[in-house]
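Subject: Structure handover

Hi,

Here is the structure I promised to pass on. Have a look at it first, and then read on for what turned up in it.

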Amino acid sequence: MIKSTLSAFLLLLVLIQSGFSQRLDLIQNIKGRQFMSLNGQWNYIMDPYEMGYYDYRHLPFDQSATGKGGFYDDREQKNKSELIEYNFEYAPQLIVPADWNSQGDIFKFYEGTIWYRKKFSAQPKADKKYLLYFAAVNYEAHVYLNGKKLGVHKGGFTPFQFDVTGKLKEGDNVVVVKADNTRKQDEVPTVNTDWWNYGGITRDVLLAELPQTHINDYKVQLAKNNLKQIEGYVQLSGKEKAQTITVSIPELKIKTTAKTDTSGKASFTIPVKKMTYWSPENPKLYDVVVSSGTDEVKDRIGFRTIEVKGVDVLLNGKSVFFRGISIHDENPLLPGRLRNQGDMRMMLQWAKELNCNYVRLAHYTHNEDMVRLADEMGLMVWAEVPVYWTISWENPETFKNAQQQMTDMVVRDKNRASVVVWSIGNETPLSEPRHAFMGNMAAYTRSLDNTRLVAAALEVHRNGYDVIVDDPLGEKLDLVSFNQYGGWYWGVPKDLPKYTFKIKYNKPVVITEFGGEAVAGYHADEETRWSEEYQEAMYKYQLQMLGKVSALRGMTPWILVDFRSPRRQHPVYQDFWNRKGVYSDTGEKKKAFYVLKNFYDQMQQKYK
């Protein structure tokens, strides 16, 4: 008890020190700015012993007296006597953005360090500010510009940036990134996951040019549970913080101004008389212009409210059923992470073919383009951070890491109408330290954004034919959201209707995972595992079992499409694939697809 109390105290201390404050340096809407893309071919060096980072005494070169000696120096031989044991100029190349695992058999299972190098030309202007922006690097990134270290970032799925004003050269420049995807116990996620640990610079790299004083952040959304009022703020960065800001929505003939305070922040409220609210049936987006005396940013923003009332989820004040599916950030047709909007649109279109109005973007923060496409295509989103399975609950640094990843996700996506749920984690086992960690995560997330639902994918336990949901964390969440694998990891499909759910909380129930594996094209009877018929029967009996839950308001079965996982090793049926998809790895619909679609067609009619 003393140990768990101390754990809770340490986590609370972390929260107090952070002040529950957003980090304002992460720029909003990077692609709405003037930028140069650094995507393309980057030279690389695979470095499993990290000889490009540590000297022979295992001390980091960049922490030495000279700061030199590592691969980031990008040295070239000047005379025949010099000893240099690397050469980027003759090194092979990797595509950026993309994971390295999918770019050659030598990388398939590789976990460790790879050095990336990119040469580019710049013409920096004296009156401009420059940011080097990475949309994601998995997992730990050390970034160097022209041989000088800019900094370090941990977290494989959230963006980060460095101010390179005054550090760019006229003409040729070199950026070097040490990317390391080694799994570690105290990181987020931890060592044990059920997805491929894709390493590398997996999302865009951009060099943004901004006014010296610029719009760094803004929020333009409906007030909490208020369809008649827009509220938000604009945050300036730079020396000239005293400015008048303007927010306009031309189609609605809305234009409002406000004065910034000494910190460069201006808040505003705008009454709404008539507006088309965003919904899956009509995903209306408005052109929004945010401007100051020195800068202007344009965005496409939808407006909607989301709330819980009793056991109902209300979208724009109307009860809604989450017809969902879970999705990984992976392309089954081409190995590796989703690399472009074409890949992402394909995945979301497959969800639409299932008649989904909702997707769970598991188990980590997905690409910003994915969320913007969900805005455009009319799919509500459950957005998640990788607090997954058995995190180091009592390590304050682990909590700070999770907290920062949540901050970065919320800061990035707070203007996206599609995002209706912030998820603080998945399948975390019960313990007092876990309760403290997750409870503080829930409170922190609400402090960042009180206009969306806060949830987590919980676990269940069973007593005979009772499936019990009584996780103490449920008290602090908006949804009774949980995973259960009846018919696959426990029981057999035909027995599922015998089970009854015993749910402690009077809240909307959303089943965040259920499912089972099937090899597309393998046919047998419904009692034969791995067959399409087994998976089909399991979906039928699952839906019968779930039909007894009167508070059921949605689900995201596991999963849209088969995905790769080192944990799945059966040589005949899996071969490093998790086969729980309702689509196969070639995009073929399995029989379970039609069972789920038929159910969603019925729910669409019921919740018109």
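One term comes up throughout: buried means under 20% relative accessible area, exposed means over 50%, and partly exposed is in between, using a 1.4 Å probe and protein chains only. Please keep in mind that this is a predicted model, where local features need pLDDT of at least 70 and side-chain atom pairs count only at pLDDT 80 or more, while totals for chains, interfaces and linings use all residues. Residues are numbered from 1 along each chain as its sequence is written, and side-chain values use heavy atoms, with hydrogens and water left out.

The whole chain

The secondary structure comes to seven helices and 33 strands; helices (H or I, at least four residues) and strands (E, at least two) are DSSP runs, numbered from the N terminus. Of the 608 residues, 61% are buried. The C-alpha trace spans about 80 × 60 × 55 Å along its principal axes. A compact globule with 608 residues would have a radius of gyration near 25 Å, and the chain agrees, with 25 Å. That radius is taken over C-alpha atoms, and the globule rule is 2.2 Å times the number of residues to the power 0.38.

Arg 117 is in strand S4 (residues 113–122), and it counts as buried because its relative accessibility is 3%. Its side chain makes a polar contact of 3.2 Å with that of Asp 74. By polar contact I mean a pair of N or O atoms within 3.5 Å; within protein, one must be able to donate a hydrogen and the other to accept it, and residues adjacent in sequence count only if both atoms are side-chain atoms. Contact alone means heavy atoms within 4.5 Å. Leaving aside neighbours within four places in sequence, the contacts of Arg 117 include Trp 42, Phe 88 and Val 175.

Asp 186 lies in the loop between strand S9 (171–180) and strand S10 (205–211). With 38% relative accessibility, Asp 186 counts as partly exposed. Beyond its neighbours within four places in sequence, Asp 186 is in contact with Ser 392, Asn 395 and Thr 398.

Aromatic rings

A search of the whole structure finds 40 aromatic pairs. Rings of Phe, Tyr and Trp (its six-membered ring) pair if their centres lie within 6.5 Å; planes under 30 degrees apart count as stacked, over 60 as edge-to-face and the rest as tilted. Tyr 72 and Tyr 144 are stacked, because their ring centres are 4.1 Å apart and their planes are at 5°. This pair links distant parts of the chain, 72 residues apart: Tyr 72 is in the loop between strand S2 (40–46) and strand S3 (93–96), and Tyr 144 is in strand S6 (residues 140–145). Tyr 72 is buried, at 1% relative accessible area, and Tyr 144 is buried at 1% too. Ring pairs join Phe 71, Tyr 72, Tyr 86, Phe 88, Trp 115 and Tyr 144 into a cluster.

A helix to finish

Helix H5 (residues 432–448) has 17 residues and reaches 25 Å from its first C-alpha to its last, close to the 24 Å expected; the expected span is 1.5 Å times one less than the number of residues. H5 is largely enclosed by the rest of the structure, because 13 of its 17 residues are buried. Ser 431 caps the N-terminal end of H5, with a side-chain oxygen 3.2 Å from the backbone nitrogen of Arg 434.

Best wishes
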